[in-house]
Amino acid sequence: MSLNVKQGDNVVVIAGKDKGKTGRVLSANPSAETVKVDNVNIITKHRKPRGPQQPGGKTTEPGNIHVSNVQIICPSCNKATRVKAGEAEGKKARVCVKCGASLDAKAKVDKKKKSAKAETETVAEKKPAKKTVKKVKEETETVKEEKAVDTEKKPAKKKAEKAPEAQESK
């Protein structure tokens, strides 16, 4: 059986101990008809240590919720809604019952925007890195020059200071 809820959808819990909480679907399991929702139905697991890289202890993670206990939040009308089958841009899509907006089109647009943002961020991250390397080189050169100037001045001061002391002792 296919689910009306997919990974990445925003949902609201309509039944159970976490009724009224909202979150993003982390995973969906169609065979068991369950979903995992971020910060909902938090369970504690006790883990046995399996080595130095996998220490033991208590961990918390979201548990499974039956899909009938959640409803999708429509991105256009921001209300919890049921889902019906419909068409969007000539393709089969999930549609909001209340406003008729497609629930799948927004996700595709968001993915495209995220990928475009990721590309620009990687480009933006690379450019400042080159600038900082140049700045670091310039800073080290100026520090070396300052040290050279300081070392030249210090011996002259020491000689001048030693000379009066030598005169006083004579």
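Student: So two strands pair if DSSP finds at least two bridges between them. What stands opposite K36?

Tutor: N64 in β6 does. Strands here are DSSP runs of E, at least two residues, numbered from the N terminus. This is a predicted model, where local features need pLDDT of at least 70, side-chain atom pairs count only at pLDDT 80 or more, and totals for chains, interfaces and linings use all residues. Residues are numbered from 1 along each chain as its sequence is written, and side-chain values use heavy atoms, leaving out hydrogens and water.

Student: How many bridges join β3 and β6, and in which sense?

Tutor: Three bridges, antiparallel.

Student: And what's the strand order in the open sheet?

Tutor: β6-β3-β2-β1-β7-β8. That makes six strands, with antiparallel pairing.

Student: Which ones stand at the edges?

Tutor: β6 (64-66) and β8 (80-81). Each has a single partner strand, so one side of each has no neighbour in the sheet.

Student: New topic. Which residues touch the most other members of the largest nonpolar core?

Tutor: V5, V11, V35, V37, I65, V67 and V70, out of 15 residues. Such a core joins buried Ala, Val, Leu, Ile, Met, Phe, Trp, Tyr and Cys through side-chain atoms within 4.5 Å. Buried means under 20% relative accessible area (1.4 Å probe, protein chains only).

Student: Which strands each supply at least two residues of this core?

Tutor: β1 (10-13), β3 (34-37) and β7 (70-73).

Student: Back to V5. What is V5 in contact with, leaving aside neighbours within four places in sequence?

Tutor: V11, V25, A28, V35, V67, V70, I72 and R94. Contact means heavy atoms within 4.5 Å.

Definitions and conventions. Buried < 20%, exposed > 50% of the residue type's maximum accessible area, 1.4 Å probe, protein only. Helix = DSSP H or I, 4+ residues; strand = E, 2+ residues; numbered from the N terminus.
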